[in-house]
Amino acid sequence: MSRKKIIITNHKNEACGVYQYGKRVASILLNSNSPDYEYHYVEVDSKEDYINKIITIQPDIAVHNYLNITMPWFDSECLHLLKSKKVPQGLIVHNIGYANVFDFFLHQNPLYPQNGINYPIARPLFKYNPTERKPREIPKIQTFGFAFSCKKYEDIVKLVNSQFDKAEINMHLSLSKFFPNDEELEEIKKLCFSEITKDGIKLNITSDFKTDQELLSFLDDADLNIFLYKNYNNYNGISSVVDYALSVKKPIAVCKSNMFSHINNSTPSICVEDSEIKKIIENGTKPLEDYYNLWSNENFVELFENIFNIKHNIRL
């Protein structure tokens, strides 16, 4: 019996969190050696390119890593090309304003309620061999992400400055393709340095492009990786930075933003509203152990293929 073909479409710009998430999803599925499904990952930047890929691959199920800003060429013609063939089409949901014209929806929040068209999926962690080390006498505290003010990087510096006399803070803040943020990056740098009032607090900020492996190495070198994003009352997104931080198996601190709702009920707490940074470092990875197993690559693939089994057996 031949394997069913799954196509996963993404855009081509690497300086984008949506792109990076879609690439991670595809990478895990492509490396699964599935006996039932044959995965095809395509990066496209035009309607013509997309249509040619569909005609060539002839998929049984399609998964679109789509936002209108990243794939503006994807229109009703693209959608109906597969609908006319009764091929189920799924959307990887990135925020609450998603297009509802698809047949099923893959929600990044593992806690999202499931029904006949909505499916929560596991977090796509990396396979990585972390370095084992004891916490340093002078802690090395790291963070990374796109340089947007909503990520509250200055709050990290303020918190570390208030709780330590000596610490090293390393931030890797990226520039964005779709939301130009050069000026915002410079303002964030000023705010961060303005929060330092002690000679023993050192801050380093970089913004060069890093590959996934370079980012993982950066996070692996930390005593703690910390993220303190703004809370969004009307947003169902989940921050992908935690996937990277979980993959290197180092202590993590977050705030109670809904961007971290999938991990901010950890025990002992990893939320800075509940515990000081020193205590979170002392607790190590104990609060995170369940996630390593729950969101393993094997469980990720199994969950996806359970969804594909349902969708293929109920052809449109």
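Asn33 counts as exposed, at 69% relative accessibility. Exposed means over 50% relative accessible area, buried under 20%, and partly exposed in between (1.4 Å probe, protein chains only). Asn33 is not a glycine, yet its phi is positive, at about 55 degrees. The residue sits in the loop between helix 1 (17-30) and strand 2 (37-43). Helices (H or I, at least four residues) and strands (E, at least two) are DSSP runs, numbered from the N terminus.

The model is predicted: local features need pLDDT of at least 70, side-chain atom pairs count only at pLDDT 80 or more, and totals for chains, interfaces and linings use all residues. Residues are numbered from 1 along each chain as its sequence is written, and side-chain values use heavy atoms, with hydrogens and water left out.

Lys152 also has a positive phi of about 55 degrees and is not a glycine. Its loop runs between strand 7 (140-146) and helix 4 (153-163). Lys152 counts as partly exposed, at 29% relative accessibility. A further backbone feature is the cis peptide bond that joins Thr267 and Pro268, with omega about -10 degrees. Pro268 belongs to the loop between strand 11 (252-254) and helix 8 (277-283).

The chain as a whole contains 10 helices and 11 strands. Its radius of gyration is 21 Å. Along the principal axes, the C-alpha atoms fill a box of roughly 65 × 40 × 35 Å.

Of the 316 residues, 53% count as buried. The accessible surface of the chain is about 14,700 Å², and carbon and sulfur atoms hold 49% of it. Areas come from the Shrake-Rupley method with a 1.4 Å probe; for residues, only the protein chains shown count as cover. Among contacts in the chain with a separation of 6 or more, 72% join residues 24 or more positions apart. A contact means heavy atoms within 4.5 Å.

The chain carries 36 positive and 40 negative charges, and their mean positions are 3 Å apart. Lys and Arg count as positive, Asp and Glu as negative; His and the chain ends are not counted. Each charge is placed at NZ of Lys, CZ of Arg, CG of Asp or CD of Glu.

Asn10 lies in strand 1 (residues 4-10). Its relative accessible area is 0%, so Asn10 is buried. A polar atom of its side chain lies 3.0 Å from the backbone oxygen of Tyr19. The Asn10 side chain also makes a polar contact with the side chain of Tyr41 (3.0 Å). A polar contact is a pair of N or O atoms within 3.5 Å; within protein, one must be able to donate a hydrogen and the other to accept it, and residues adjacent in sequence count only if both atoms are side-chain atoms. Leaving aside residues up to four places away in sequence, Asn10 touches several residues, including Val18, Gly22, Lys23, Val44, Asn65 and Met71.

Asn118 is placed in strand 6 (residues 118-120). With a relative accessible area of 9%, Asn118 is buried. Its side chain makes a polar contact with the side chain of His107, at 2.8 Å. Residues up to four places away in sequence again excluded, Asn118 touches Tyr98, Phe105, His107, Tyr112 and Pro113.

Definitions and conventions. The radius of gyration is taken over C-alpha atoms; the globule rule is 2.2 Å times the number of residues to the power 0.38.
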